[in-house]
Amino acid sequence: MNGSSRTFWPLVAAVGLGVSFVGYCVYFDRKRRSAPDFPEKLKAKRKKQQQRGGGSSSSHSDLDTSNPEDMRRYFLEQIQQGEDCLSRGDLDNGVDHLAKAVAVCSQPQNLMALFQQTLPPELFQEIIMRLPRIAQSVHGSASSSALGSAILTEPDLE
């Protein structure tokens with residue numbers, strides 16, 4: 001009985017802490033949602049997020065290809081938006097975002113190898129098919145093979 005009580009009471013304490021934490025979360029979520037200005041704040045936050053997300057995905061005319069920090073930010077945004085779209089089931093936009101990320105990456109072969117291992121074959125093929133068009137639109141008249149000197153270097157991605 002002594003051996004089982006040594007494992008029983010820490011288990012009870014852990015469960016009690018878990019229940020307390022969930023109760024804490026529920027309490028403050030209810031308090032936040034019952035605030036009088038919650039709906040207005042939520043609408044403003046969603047509108048701001050939609051404007052920010054829509055502006056960067058619909059046009060890349062504000063992308064400064066001579067600024068490595070802008071290219072790095074753009075690369076990370078495209079990867080994140082691509083993952084978000086794919087997780088929501090929006091495959092078309094997800095593929096576009098991932099192709100844009102490949103177009104600005106300094107090591108596109110490595111990124112494509114990663115995509116080949118992690119994505120379904122049909123999505124990977126779709127990225128390959130869209131890449132020339134997207135690379136041309138991202139880099140203007142530059143070809144997809146000569147992506148310019150302002151493209152990310154691998155240490156910048158870490």
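Analyst: α3 (68-88) and α5 (108-118) each supply at least two residues of the lining of the second largest pocket. Helices here are DSSP runs (H or I, at least four residues), numbered from the N terminus. This is a predicted model, where local features need pLDDT of at least 70 and side-chain atom pairs pLDDT 80 or more, while totals for chains, interfaces and linings use all residues. Residues are numbered from 1 along each chain as its sequence is written, and side-chain values use heavy atoms, leaving out hydrogens and water.

User: Why is C105 called buried, and what is C25 called?

Analyst: Buried means under 20% relative accessible area, exposed over 50%, and partly exposed in between (1.4 Å probe, protein chains only). C105 is at 2%, so it is buried; C25 is at 35%, so it is partly exposed.

User: Why does R130 count as buried, and what joins its side chain to D96?

Analyst: R130, in helix α6 (residues 121-138), has 13% relative accessibility and is therefore buried. A polar contact of 2.9 Å joins its side chain to that of D96, and another of 2.9 Å links R130 with the side chain of E126. Both qualify because a polar contact is a pair of N or O atoms within 3.5 Å, one able to donate a hydrogen and the other to accept it.
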